[in-house]
Amino acid sequence: MKHIFKIFTVAFLAIMAVSCEKDEDQAVLNEITQAKITSSQTTLILDKNSPDDNVLNVAWSKAAFDLSVVSTQQLQFAIKGKNFVGASNIDAVDTPLEFTNKELNTIALALGATPDVATEIEIRLRTMVGQGAYYSNAITLNVTPYFLGPVYNYTDLYLIGDATAAGWTNEVTNTKFLPLQKASVAGNYSYTGYFAQGAFKIIKTPGNWDPQYGMDSPGILSTSGGSGNITVATAGYYKLTINTTALTYTLTSIPSPSTNYTSISMIGTASGDWSTDVDLQKTTFDSHIWVKKNVALNSGEFKFRANHDWGTNWGVAQEFFGVADLGGGNIPVSTAFNYDVYFNDITGEFSFIPVY
């Protein structure tokens, strides 16, 4: 009998121990002190001409709890009145967080703010502990974002080197950079035109050597800063093709063009009207490459034509870049903005690249 009693006693104590463990696992976390945020400004008219200038600092004090916890924080931005539905979340590790014109503009537009219109945006600090979330006070910012320009999701590449118009001067102020022609297949580029005797490489951003494409071995590209130059033994006209995915290239000699034009112009509602030519400038390095820098284009259409005459005109229904056909369709421009316009009268290839 005593033996049976001992068994029941042990079982009872075990049940009590498990019960105590469950009570401890279900301990309730209490927030003792709410997190608090402050901002350096509450009214901001963002400046597109100074995208990297710091315009807003957001500082905070962390929430305190009655138990020792591990927490993470995020700053939340949302259009006022939406109860932070669809908020933009920014990891908040160190206080304060600094925001530039460009960063805050990107956040505001992503939330649905309208360019050049003041919009009330709320910010708060969200503290996450396990599956729970705790929130600070909310601050309202009055933000006027700026227009970013057309949606342009393409990567441009440029020639550099003494075999090209740009020479080896890798500076933003070098206006002689010429872009390679983008293809409909991502990663494929080409350039048809004159190359001087010398060498060249390809870069992504004027003023920045990284990334760059140079020779690894004949026909093979390298993105290393120590890559070799691609040499041009004899001056003349060539077609260059590169594939940035496979890291391959070809450089093939072609006959010199036999047709020369006095002028190449844009004409249409995008450049003005269908009665007025806007002339491109012939490059001094290659008389078949035509350029118009920082030209204001309207939302509309245009074509290229030679010698201010409809007898020779080029067009195609494709925006930003393409191969314009002789007598082809109109080239569309969906967004009024300033663009750098390039035209190659050998191939009919064109690009108009937004100037941000």
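This is a predicted model: local features need pLDDT of at least 70, side-chain atom pairs count only at pLDDT 80 or more; totals for chains, interfaces and linings use all residues.
Biologist: How many salt bridges does the structure hold?
Modeller: Side chains of opposite charge can pair when their charged atoms come close. Asp156 and Lys182 meet in this way, at 2.6 Å from N to O. Asp277 and Arg305 also meet, at 2.8 Å from N to O. The number of salt bridges in the structure is two.

Biologist: How many residues apart are Asp156 and Lys182, and are they buried or exposed?
Modeller: Asp156 sits in the loop between β11 (139-144) and β12 (158-160), while Lys182 belongs to strand β13 (residues 181-182). As for Asp156 and Lys182 themselves, both are buried.

Biologist: Where does Asp277 lie, and is Asp277 buried or partly exposed?
Modeller: Asp277 lies in the loop between β21 (264-267) and β22 (278-279), and its partner Arg305 lies in strand β25 (residues 300-306), 28 residues apart. Arg305 has 7% relative accessibility and so counts as buried, the limit being under 20%. Asp277 has a relative accessible area of 21%, so Asp277 is partly exposed.

Biologist: What kind of aromatic pair do Tyr152 and Phe320 form?
Modeller: A search of the whole structure finds 24 aromatic pairs. In the pair of Tyr152 and Phe320, the centres are 5.1 Å apart and the planes stand at 80°. Planes over 60 degrees apart count as edge-to-face, so the pair of Tyr152 and Phe320 is edge-to-face.

Biologist: Which parts of the chain does the pair of Tyr152 and Phe320 link?
Modeller: Both Tyr152 and Phe320 are buried. They are 168 residues apart, and the pair links distant parts of the chain. Tyr152 is in the loop between β11 and β12, and Phe320 is in the loop between β26 (313-315) and β27 (321-323).

Biologist: Which residue in β4 is the bridge partner of Lys36?
Modeller: β2 and strand β4 (residues 54-61) pair in the antiparallel sense over four bridges. The bridge partner of Lys36 in β4 is Ser61.

Biologist: Is Thr144 buried or exposed?
Modeller: Thr144 has its place in strand β11. Beyond four places in sequence, Thr144 touches residues including Leu44, Ile45 and Asp116. Its relative accessibility is 14%, so Thr144 counts as buried.

Biologist: How many bridges join β19 to strand β20, and which residue takes a positive phi in their hairpin?
Modeller: Strand β19 (residues 236-243) is mostly covered, with six of its eight residues buried. Strand β14 (residues 188-195) runs antiparallel to β19 and is joined to it by eight bridges. β19 and β20 (residues 248-253) are also antiparallel, and the number of bridges between them is six. Four residues lie between the strands of this hairpin, and the residue with a positive phi, near 55°, is Leu247.

Key. Residues are numbered from 1 along each chain as its sequence is written. Side-chain values use heavy atoms; hydrogens and water are left out. A salt bridge is a side-chain nitrogen of Lys or Arg within 4 Å of a carboxyl oxygen of Asp or Glu. Helices (H or I, at least four residues) and strands (E, at least two) are DSSP runs, numbered from the N terminus. Buried means under 20% relative accessible area, exposed over 50%, partly exposed in between (1.4 Å probe, protein chains only). Rings of Phe, Tyr and Trp (its six-membered ring) pair if their centres lie within 6.5 Å; planes under 30 degrees apart count as stacked, over 60 as edge-to-face and the rest as tilted. Two strands pair if DSSP finds at least two bridges between them. Contact means heavy atoms within 4.5 Å.
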